[in-house]
Amino acid sequence: MLIFYLRNLTGVQRSVKADIHLGLSLAFIAGAMNAGGFLAVQQYTSHMTGIVSSMADGLAIGNIKLVLASVGSMICFIVGAGFTELMVNWARGKHLQSEYALPLVFEAVLLVGFGMLGGKLHHHMGLFVSITVMLLCFLMGLQNAIITRISRAVIRTTHMTGIVTDIGIELGRMVYWNRKVDKEDEAYVSANRDKLYLLSGLLIMFFLGGTIGAFGFKWFGYWATFPLAVMLIVLAIIPVIDDIKRFFR
């Protein structure tokens, strides 16, 4: 039963339920990476809004170093998202069952590398920022693109601004008083409760992941990324095994 569940979770054959469960799982992992990464590099690596704002602030105050650091972080995020698209399309061209699972496996491998070398990499500069920051931004772009691709942009897992905004919109619709308007009327305002529950779940999972990730990094340092890598492998491994079995047939 567990094998069938995991196969549906990251396999090619999708369902709304699978998208939701995967989105909640990845929101937890993203929250842990983002909060733990902040303790490591003093920067939230999924927050592109803040990074672009820092770029503008740097220009205004003449801090070119801040501008370049923001540019480097944004480029790494974009490259991570683009790499996901390349992997998905390559796997689709090969008719693999693991077209969505492969980026997750690759993310797990990078997380292991981050856990083993993150402390050392932080002392080496790459694209205007430390290699650790580059890697974290790449991972955030990679993961956000996966669930965005799978859910057709319905679910996001690495930034909460849009999610919190949509929660507010649905709550506003929920309390709106439809005076003298029938439910059959197109002017009738009602909340999408399923959407509200999903968004609330994503927010809660991101917060829980962030809390556990922050404490994990505080207690165990970079090694706290290893459980996250294991989670990703568990989520993705069955479609990968299916493809390996098919190859050897």
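How far is the sulfur of Cys 137 from the closest cysteine sulfur, and in which residue does that sulfur lie? The distance is 6.0 Å, and the partner is Cys 76. That is too far for a bond. The model is predicted.

**Cysteines**

- The disulfide count is zero.
- Cys 76 takes part in no disulfide. The nearest cysteine sulfur to Cys 76 belongs to Cys 137, 6.0 Å away.
- A disulfide needs two cysteine sulfur atoms within 2.5 Å, so the 6.0 Å between Cys 137 and Cys 76 is too far for a bond.
- Cys 76 counts as buried because its relative accessibility is 7%, and the limit for buried is under 20%.
- Cys 137 is buried too, at a relative accessible area of 0%.

**Helix α4 against helix α5**

- Helix α4 spans residues 64-93, and helix α5 spans residues 101-121.
- Their axes lie 8 Å apart, and the helices pack at an angle of about 135 degrees.
- The pair α4 and α5 is therefore oblique.
- The crossing of α4 and α5 is right-handed.
- From α4, the contact includes Phe 83, Met 87 and Trp 90. From α5 come Leu 102, Pro 103 and Phe 106.
- The residues of the contact between α4 and α5 are eight nonpolar, one polar and no charged.

**Helix α5 against helix α9**

- Helix α9 covers residues 225-248.
- The axes of α5 and α9 come within 8 Å and cross at roughly 155 degrees.
- An angle over 145 degrees counts as roughly antiparallel, so α5 is roughly antiparallel to α9.
- The crossing of α5 and α9 is left-handed.
- On the α5 side, the residues in contact include Leu 104, Glu 107, Leu 111 and Phe 114. On the α9 side, they include Thr 225, Leu 228, Leu 232 and Pro 239.
- By class, the contact of α5 with α9 holds 17 nonpolar, two polar and one charged residues.

**Val 112**

- Val 112 sits in helix α5 and is among the α5 residues that meet α9.
- Val 112 is partly exposed because its relative accessible area is 28%.
- Leaving aside neighbours within four places in sequence, Val 112 is in contact with Phe 226 and Ala 229. Both of these residues are listed in α9.
- Val 112 and Ala 224 are 112 residues apart along the chain. Their C-alpha atoms are separated by 9.8 Å.

Notes. Residues are numbered from 1 along each chain as its sequence is written. This is a predicted model: local features need pLDDT of at least 70, side-chain atom pairs count only at pLDDT 80 or more; totals for chains, interfaces and linings use all residues. Side-chain values use heavy atoms; hydrogens and water are left out. Axes are lines fitted to C-alpha atoms, for helices over the stretch in contact, and angles run from 0 to 180 degrees between N-to-C directions. Helices (H or I, at least four residues) and strands (E, at least two) are DSSP runs, numbered from the N terminus. Angles under 35 degrees count as roughly parallel, over 145 as roughly antiparallel, 65 to 115 as roughly perpendicular and the rest as oblique. A crossing is left-handed if the near helix is turned anticlockwise from the far one by less than a right angle, and right-handed if clockwise. Contact means heavy atoms within 4.5 Å. Ala, Val, Leu, Ile, Met, Phe, Trp, Tyr, Cys and Pro count as nonpolar, Asp, Glu, Lys and Arg as charged, and the others, Gly among them, as polar. Buried means under 20% relative accessible area, exposed over 50%, partly exposed in between (1.4 Å probe, protein chains only).
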